[in-house]
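Dear colleague,

Please find the structure below, followed by a summary of what was found in it.

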Amino acid sequence: MTPEQIAKTLQDKFGQAIAEACVEGLHPHVVVSADRWHEVAVFLRDDEHMKFDWLRAISGVDRMEDGQLEAVYDLHATQPSAEPGGLWGERHGFAVTVKVPRDNPHVASVADVWPTAEWHEREAYDLLGIVFDGNPDTVTDHDGTHPRRILCPDDWVGHPLRKDYQFPEEYQGIPGWAGDDRPLDKKK
Amino acid sequence: MTSDVLALAPGVDHVNVTFGVLLFCAAGGGMVLAILILGWLFRPKVYNPDKGAIYECGEEAIGPGQLQFDLRFYVVALVFIVFDIEIALFYPWAVVFGGGGFEQATVEFMQRVKTGALYDMLFFFGVVVVGFLYLWKYGYLDWVRALGGGGLSAADRAVPGDARPTAGSEAGQ
Amino acid sequence: MSFMVNRFEEGLMITSVDWALNWARQCSLWPVTFGLACCAIEMMATGADRWDIDRFGAGAYRPSPRQSDLMIVAGTVTYKMASRLVRLFNQMPEPKWVIAMGACTVGGGPYYKYGYHVVKGIDLILPVDVYVPGCPPRPESLLEGLLRLRDKIAHNTIAKASPSQSESAA
């Protein structure tokens, strides 16, 4: 199916949940609202015309100008779908974007739909702060209930890839800088 | 059968030999002791609580270091000990049975030895074989226990399997 | 400290003992394998046949810190790794030395400006004896660092420090 057909099928089925469809360009995607994202995910995986069985990556984006955090899901179908687009059938790829507000960044976890999502969601939480509710590897600590961090140490403070991240002054007694001069000015 | 127990070279007597062996052992032990004492005199002694901690590649050790070994290894070792000693006891019998160790092995002497010795050894071997058959029949020689009789459940095995359940159904298959 | 160290003033016997001890210690520096990143590859090359660190006696890499007396920290040290590094250093028995290999261990290296996760030089957490700069340093540089360390060990002494001396006993 072409990206336009995929976007149209989604819009016909889910209506208001599909906020917008951007099918032009190199990265055709639709924007899905966070509250119905899990339904859309199951449909994308199970529908016989879609059959997106491979979640390639979850990428987090910090849209500071809109005050939003964005999770981009890159999907791919490894088997040809029921509607072949030629002699060998077409294996299509598509992307879905979910935008959440910065002060309440909660998205439903799709780790039960695509198992690889577990680690990708942990990384998106660790580096950007998007909280995925329902991730199998969830812990509760001073930051609330969130997926366990995967790259930074468990007691790290902050989410490093946010655009307003302040570098730590020290961690567990080790100074953050070798000398007195900070080579990096504080970001606004 | 009148040969000496130990024939030494001319000029050497037993006292010399014993003294030589003892001197050798003392010299060896003395060298080791000297090196240890020199080390004790010159090495630095700095105490650090981490030095007494269990080594776990830099992490803090979780849990004790001892696991219970699989009991099948114990059974294997025990069976080995018993049958190894049996084989060790075969050797002198076999030497005598073959005629070795006698200066003059006459034919009629050997015939007398052989009949008696054969029945003796068959009796000994028979007793040990009965034990072996018992082990075999009751399954103590099987490494993998047959299902439905005395096997360990997955929860009790010494090697833990993957405890986490697979997440969700297969996607797309 | 031990019985003989720091007990006698300098003299012929002490300097001979010093010479023997230092010779033994510098010619058998056994490193603990602590290759963390790219510098580890250069350290492995140094241990291989062309640059052969074993001809200096330092080719017996020990898997356990308890059997080694040299820690060549080869690679970037992150904050997550720092606590393990310090614990392993504490588990090494004296006398022990540290070579900081590579720009990341010397002062943060290429991660100095934007690396939020990198310790800016391991001398913030460990006492370093020799710094070997480079990104990564060639095997010849690491061998030069090892030879400098041997020279440093050659100056150790177990004699009692007299008040006029500024050097203290090893």
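Within chain C, confidence is lowest in helix H1 (residues 12–26) of chain C, with a mean of 90, and highest in S4(C), at 96; this is pLDDT, the predictor's confidence in each residue, from 0 to 100. Helices (H or I, at least four residues) and strands (E, at least two) are DSSP runs numbered from the N terminus. Over residues 166–170 of chain C the pLDDT is below 50. Where pLDDT is low, the predicted coordinates should not be read in detail. Chain C averages a pLDDT of 89, and the model scores ipTM 0.75 and pTM 0.73.

This is a predicted model, in which local features need pLDDT of at least 70, side-chain atom pairs count only at pLDDT 80 or more, and totals for chains, interfaces and linings use all residues. Residues are numbered from 1 along each chain as its sequence is written, while chains are lettered from A and ligands numbered from 1 in the order in which they are written.

Chain B has three helices and zero strands, and buried residues make up 0% of its 173 residues.

Yours sincerely

Notes
A residue is buried if 20 or more other C-beta atoms lie within 10 Å of its own, exposed if 12 or fewer, and partly exposed in between; C-beta atoms are placed from the backbone. Two residues are in contact if their C-beta atoms, placed from the backbone, lie within 7 Å.
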